[in-house]
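Try each task yourself, then walk through the solution with us.

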Amino acid sequence: MRILIINKYQNKVNRGAETYVLELSKRLMKNNSVEVDTNNYFYKILKNKYDVVIPTNGRAQVFIVRLLTWLTNAKMVVSGQSGIGLDDRLNLYAFPDYFVPLTNYALSWSDKINPFVKKKVIPNGVDLDKFFVKSVTPKKERTILAVGAFTREKRHNLTIQAVSRLNNTKLIIAGGGGDKKNEIQALGTRLLGDNFETVQTTNDKIPDIYRKADLFVFPTVSWESFGVVLVEAMASGLAVVATDDPIRREIVGDAGLFVDPTNTDEYAKEIEKALDINWDGKPRKQAEKFSWDIITKKYEELFNSF
């Protein structure tokens, strides 16, 4: 099968969508011919006979690809990487051959937006060989980790405020890109002093960053589509304290605690509580449900159904 995946940001930024394209394409290549395109998709679709085209950037791109795939008899599959909101509404209005919600909650939402489009729930995944549990020597200082771009939606400021209520606790924020880095750096330094650190994330360094922490936090906005960092953290053996919404509950299961992070006192209490719990391998076990190998098989089953 010949497959084209389109992402204009591939190899330029490092977000969940880029991880999705990288990991899925790498595994699909074992049994298929797969190309990843960043800027020439218009001509490629017209010139080459693709069986499946997967646009990931939404908006105008998805409508252009829909027209091109109609002209060339290719199938268009759209994964709901954008999350509940305008972008995925437009993806659904473009009438893809299949829309792939990342969670059952997103499936329910997408059915209301366009019930006439076929859908199959396939979550994002994690490389279980790359992210693994490493035994560490107990240390006096507890370390909390947050991973994500320095943007308003990641709400790193809420984590800084909560951790500042705790004793003997360090916070590491690992991220890349975003317009709030200076603001976050200033707030963290002011409230946490030497117990605050920011780290630039890269694909080769991120597994070791997870293994430095005792707990992972994810206070994202409730409309975020998934959160690949959640399954990466759990695969690394970290329990999670996450925003209390249906999507995060579906992903994390019993491998973490849930909270309204805008309530600083409650957020701090849940972090403290999570640090005191013996999670007994639950995070890793939960992450194993999201192996990229399992996810890729689900996509191949979908493609073979055409």
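A residue is called buried under 20% relative accessible area, exposed over 50%, and partly exposed in between (1.4 Å probe, protein chains only). The model is predicted, so local features need pLDDT of at least 70, side-chain atom pairs count only at pLDDT 80 or more, and totals for chains, interfaces and linings use all residues. Residues are numbered from 1 along each chain as its sequence is written, and side-chain values use heavy atoms, with hydrogens and water left out.

**Exercise 1.** Find the salt bridge between Arg-165 and Asp-265 and classify the accessibility of both residues.

*Solution.* Start with the rule: a salt bridge is a side-chain nitrogen of Lys or Arg within 4 Å of a carboxyl oxygen of Asp or Glu. The closest N and O atoms of Arg-165 and Asp-265 are 2.2 Å apart.

**Exercise 2.** Are Asp-245 and Arg-248 buried or exposed?

*Solution.* Their side chains meet in a salt bridge, at 3.2 Å from N to O. Asp-245 has 5% relative accessibility, so Asp-245 counts as buried. Arg-248 has 0%, so Arg-248 is buried as well.

**Exercise 3.** What is the orientation of H6 and H7?

*Solution.* Take the angle first: helix H6 (residues 156-163) and helix H7 (residues 181-192) pack at about 5 degrees, with axes 9 Å apart. Axes are lines fitted to C-alpha atoms, for helices over the stretch in contact, and angles run from 0 to 180 degrees between N-to-C directions. Angles under 35 degrees count as roughly parallel, over 145 as roughly antiparallel, 65 to 115 as roughly perpendicular and the rest as oblique. H6 and H7 are therefore roughly parallel to each other.

**Exercise 4.** How do H4 and H5 lie relative to each other: parallel or oblique?

*Solution.* The axes of helix H4 (residues 86-93) and helix H5 (residues 104-113) come within 10 Å and cross at roughly 55 degrees. H4 and H5 are therefore oblique to each other.

Definitions and conventions: Helices (H or I, at least four residues) and strands (E, at least two) are DSSP runs, numbered from the N terminus.
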